[in-house]
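Please open the structure in your viewer and keep a selection tool at hand. The stops below say what to pick out next and what can be found there.

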Amino acid sequence: MANQGVTDPQYEPVNTGRRRFLTATTAVVGAVGAGIAAVPFIKSWNPSERAKQAGAPITVDISALEVGQRLVNEWRGQPIWIVRRSPAVLEALPTLDDHLRDPMSENPDQQPEYVLQGDVHMRSIKPEVSVLVGLCTHLGCSPEMKAEIRPEPFDANWKGGYFCPCHKSKFDMSGRVYEGVPAPTNLVVPPHHYTDDNTLVIGVDPQGAA
Ligand code: FES
């Protein structure tokens with residue numbers, strides 16, 4: 001089924017008394033990049049609604065995803081962000097370690113091991129493409145993407161990342177959480193792999209991955 005990216009998704013805060021992720025009821029359709037550029041057209045091949053609810057993997061074509069843009073899909077009721085990061089953002093990531101709670105992603109619950117096998121700061125299979133579950137690890141709001149490196153009202157030295165307006169948690173462009181905010185852990189990286197350069201499968205580890 002073809003999928004068009006149109007707008008940034010708006011998620012209601014989720015009441016997660018006992019669990020981190022609850023099903024977001026809003027349809028996930030959007031794609032917005034740094035500078036508010038909409039992804040022109042993004043194809044993906046998704047299973048039926050019934051299969052999606054059962055947690056089937058989703059396949060996403062990222063060939064139209066440009067630098068600074070985000071593609072949003074839904075997997076298991078969660079928004080999955082796929083972001084093509086700029087070289088400047090990638091360069092800035094290692095400089096942030098001193099400001100982060102878990103800069104080396106040592107909490108194994110937050111990502112599969114294989115995304116740490118390259119440069120640990122990237123938390124990704126390909127350095128430029130970040131894949132994250134777009135739900136704040138505090139109470140499950142969907143943070144805003146602030147991908148540009150520029151002063152922001154909430155951080156004069158902002159190097160790009162995600163800002164959760166609910167209680168002001170901050171994450172970098174790898175989803176690593178800043179110190180001193182309510183969110184306790186980094187954003188989750190879901191299981192995923194590439195079947196070719198531009199095709200991502202969300203929900204399945206790479207072949208041979210532990
Ligand atoms: S839900 Fe994100 S800071 Fe509270």
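The tour goes from the whole chain to a sheet, then to the cores, and ends with charged pairs.

Begin with the whole protein chain, bearing in mind that this is a predicted model. Coloured by secondary structure, the chain shows two helices and ten strands, and read along the sequence these follow the pattern β-α-β-β-β-α-β-β-β-β-β-β. Of its 210 residues, 53% are buried, while the chain exposes about 9800 Å², of which carbon and sulfur atoms supply 51%. Among contacts between residues at least 6 apart in sequence, 60% join residues at least 24 apart.

Next, select residues 70-75, 78-84 and 129-133, which are strand E3, strand E4 and strand E5. These three strands form an open sheet in the order E3-E4-E5, with antiparallel pairing. Strands E3 and E5 stand at the edges with a single partner strand each, so one side of each is left without a neighbour in the sheet. Neighbouring strands here are turned by 20° against each other on average, direction ignored. To look at one pairing in detail, follow the six bridges that join E3 to E4, and find Glu74 standing opposite Pro79 in E4.

Now show the side chains of Trp81, Tyr162, Phe171 and Met173, which touch the most other members of the largest nonpolar core, a group of 29 residues. Strand E4, helix H2 (87-92) and strand E7 (161-164) are the elements that give two or more residues to this core. If you select Met173 and look beyond its neighbours within four places in sequence, its contacts include Val83, Val89, Leu93, Met145 and Tyr162. A second, separate core of 16 residues can be found by selecting, among its members, Leu71, Ile82, Val133 and Tyr194.

Finally, turn to the charged side chains, where there are eight salt bridges in total. Select Arg101 and Glu179, whose closest N and O atoms are 3.9 Å apart; this pair links the loop between H2 and E5 to the loop between strand E8 (169-172) and strand E9 (192-196), across 78 residues. Arg101 is partly exposed at 31% relative accessibility, and Glu179 is partly exposed at 45%.

Note on methods
Residues numbered from 1 in each chain as written. Predicted model: local features only at pLDDT ≥ 70, side-chain atom pairs only at ≥ 80, totals over all residues. Heavy atoms only, no water. Core = buried A, V, L, I, M, F, W, Y, C linked by side-chain atoms within 4.5 Å. Buried < 20%, exposed > 50% of the residue type's maximum accessible area, 1.4 Å probe, protein only. Helix = DSSP H or I, 4+ residues; strand = E, 2+ residues; numbered from the N terminus. Contact = heavy atoms within 4.5 Å. Areas by Shrake-Rupley, 256 points an atom, 1.4 Å probe, with all protein chains shown as cover. Pairing = 2+ DSSP bridges. Axes fitted to C-alpha atoms, helices over the stretch in contact; angles between N-to-C directions. Salt bridge = Lys/Arg side-chain N within 4 Å of Asp/Glu carboxyl O.
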